[in-house]
Amino acid sequence: MKKIIRYIGVMAALCAALIVLTSCGAKPLSEQNVLTNSEKSNTITWGVKADTKLFGLMDIKDNRIKGFEVDIAKALTKQVLGSKGQAKFVQVTSQTRIPLLANGNIDGIIATMTITPEREKQVDFTNSYFDAGQALLVKKGSPIHNVKDLNQKGKTVLGVVGSNSVENIGKYAPKARLLQLSDYAQALTALKSGQGDALTTDNGILYGMAAENPGYVVVGGTFTEEPYGIAVNQGQTEFRQSLNTALAKIEKSGEYNRILKKWFGNVPGFNYEEAKR
Amino acid sequence: MINIFQNYGADLLLGLGNTLLCSVIALFFSLIIGSMFAIFETTPIKALRIIARIYIEVFRNIPLLVITMFFYVVIPLMVAKIDGFTAGTIGLTIYTSAFIAETVRSGINSVESGQMEGARANGMTFWQAMRYIILPQAFRYVIPPLGNQFINLVKNSSVLAFVAGFDLMYQGNVIASNSLQTINTYMAVGVLYLVITMPLSYYMRHLEKKLA
């Protein structure tokens with residue numbers, strides 16, 4: 001009996017410690033004005049993906065992250081800070097990007113992040129910089145041709161934790177079993193080893209996978225509209241507005257289209273004419 | 001943290017259940033397999049000793065994640081279709097059994113050699129002496145390090161999250177990304193791990209006092 005009481009006591013003390021720790025969260029960095037800070041240091045720090053082909057991928061030859069989003073971020077930095085502005089890149093994943101932004105480690109997230117109402121409660125989004133939509137990647141010759149084929153018992157869909165494509169598949173194919181893996185590379189490995197019937201996420205990422213893996217095809221077209229936006233901390237209105245202005249400028253000047261063509265021009269199935277701005 | 005329990009209680013409970021199930025299965029089998037290889041290591045039969053050495057050295061020195069990924073990715077292609085939970089549990093069992101084998105072996109070695117000689121002199125076979133004389137004493141010595149292994153096993157079961165095994169960590173990742181309350185979610189997950197490991201560690205301490 002004595003031991004049980006002592007055990008409960010220890011647990012209670014731990015719980016109390018946790019509650020105290022959670023309640024005293026000061027966040028000075030993320031509340032400072034990002035735009036003024038960036039202008040002072042002449043640097044904007046971007047959170048980008050490093051595992052996503054075409055959008056942001058670590059080039060192991062020179063250890064730099066390259067992709068559509070990286071180029072867009074560089075172009076935006078030049079617009080905001082002038083031609084000498086420096087863009088710094090920090091790797092993020094779907095799980096780490098919001099905490100890193102909230103902590104002030106990064107100024108903005110440009111990492112295949114779809115604008116959703118739930119996320120807008122946590123962060124502020126700029127205008128969309130890429131019109132993505134959810135699609136399916138399957139093995140060539142698979143009986144699955146669209147999302148309806150997945151909506152039956154015994155079918156398994158693979159997704160990535162933290163992406164909203166996994167929430168959507170719950171709406172479009174509620175009967176299918178859903179496995180959430182930690183990143184796209186792992187989800188693709190799981191698809192290859194037969195752990196699931198289809199891999200679902202945004203079309204841009206799936207095109208990247210299909211281009212690399214000849215035995216796999218994107219099927220069914222997009223069944224959702226999920227524009228990607230740049231996320232900044234709430235309250236950073238000036239920074240957000242300057243990014244929107246910069247985005248409008250590079251769209252007008254044709255730089256956006258140039259970057260789009262550079263990365264997606266040769267991807268089979270990608271409709272450049274429809275996507276250009 | 002309280003609201004995480006309120007909103008996602010069912011998911012967390014499912015994760016807790018799967019973590020517990022995986023831990024119990026892995027604990028049971030890794031204890032059996034580990035003890036078996038520990039005995040193999042101390043037999044006079046050279047072939048068994050070599051087999052045990054290879055098993056222990058290989059699986060003790062490969063990261064758990066690699067073993068688990070092997071069962072998740074390679075085995076379904078070559079042998080049989082197994083899901084993430086099974087792959088994770090098998091990986092955890094094999095990995096932990098190598099450590100338990102070394103722990104139990106040290107226990108067997110620390111039993112005085114006179115015990116074995118005495119048992120053999122009284123007409124017992126090697127296996128009888130092992131079963132009735134050596135192992136009961138050896139296990140008493142190794143209860144504290146075995147407790148460590150068991151607690152490590154529970155914590156290592158979070159490897160299931162990596163292969164979509166629906167364990168506590170997996171549910172934590174999913175909840176964190178859905179609710180966007182990362183800190184609170186992982187704290188809740190940490191508390192639930194404590195709920196498993198603290199009683200285990202208290203129980204091992206109790207056993208230690210009672211037996212050793």
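**Where the two chains meet**

Tutor: Happy to! In this predicted model, 21 residues of chain B are in contact with 22 residues of chain A. On the chain B side, the elements that give two or more residues to this contact are α3 (64-78), α7 and α8. Of these, α8(B) gives the most, with 8 residues. If you sort the chain B side by class, you find 15 nonpolar, 5 polar and 1 charged residues.

Let's stay with chain B for a moment and look at how two of those helices sit together. Helix α7 covers residues 168-179 of chain B, and helix α8 covers residues 182-211. In general, two packed helices are described by the angle between their axes and the distance between the axes. For α7(B) and α8(B), the angle is about 160° and the axes are 8 Å apart. Since angles over 145 degrees count as roughly antiparallel, α7(B) is roughly antiparallel to α8(B). Their crossing is right-handed.

Which residues do the touching? From α7(B) come B:L168, B:M169, B:G172, B:I175, B:A176 and B:S179. They meet B:T182, B:T185, B:Y186, B:V189, B:L192 and B:Y193 in α8(B). By class, this helix contact has 8 nonpolar, 4 polar and no charged residues. As you follow those numbers along each helix, keep one rule in mind: an α-helix has 3.6 residues a turn, so residues three or four places apart point the same way.

Now let's cross over to chain A. Chain A has 13 helices and 13 strands, and buried residues make up 43% of its 277 residues. Among its contacts between residues at least 6 apart in sequence, 70% join residues at least 24 apart.

The buried ones are A:N203, A:G204, A:I205, A:L206, A:Y207, A:G208, A:M209 and A:A210. What covers them includes β8, β11 and β12, along with β2, β7 (123-132) and α9 (184-192) of chain A.

That mention of β2(A) takes us to one last stop. In chain A, 3 strands form an open sheet in the order β2-β3-β4, with antiparallel pairing. β2 (51-52) and β4 (64-66) stand at the edges, each with a single partner strand, so one side of each is left without a neighbour in the sheet. Strand β3(A), residues 56-59, is joined to β4(A) by 3 bridges, and A:D59 has A:R64 as its bridge partner in β4(A).

Note on methods
Residues numbered from 1 in each chain as written. Chains lettered and ligands numbered in written order. Predicted model: local features only at pLDDT ≥ 70, side-chain atom pairs only at ≥ 80, totals over all residues. Helix = DSSP H or I, 4+ residues; strand = E, 2+ residues; numbered from the N terminus. Buried ≥ 20, exposed ≤ 12 C-beta atoms within 10 Å, placed from the backbone. Contact = placed C-beta atoms within 7 Å. Axes fitted to C-alpha atoms, helices over the stretch in contact; angles between N-to-C directions. Parallel < 35°, antiparallel > 145°, perpendicular 65-115°, else oblique. Left-handed = near helix turned anticlockwise from the far one by under 90°. Nonpolar A, V, L, I, M, F, W, Y, C, P; charged D, E, K, R; others polar. Pairing = 2+ DSSP bridges.
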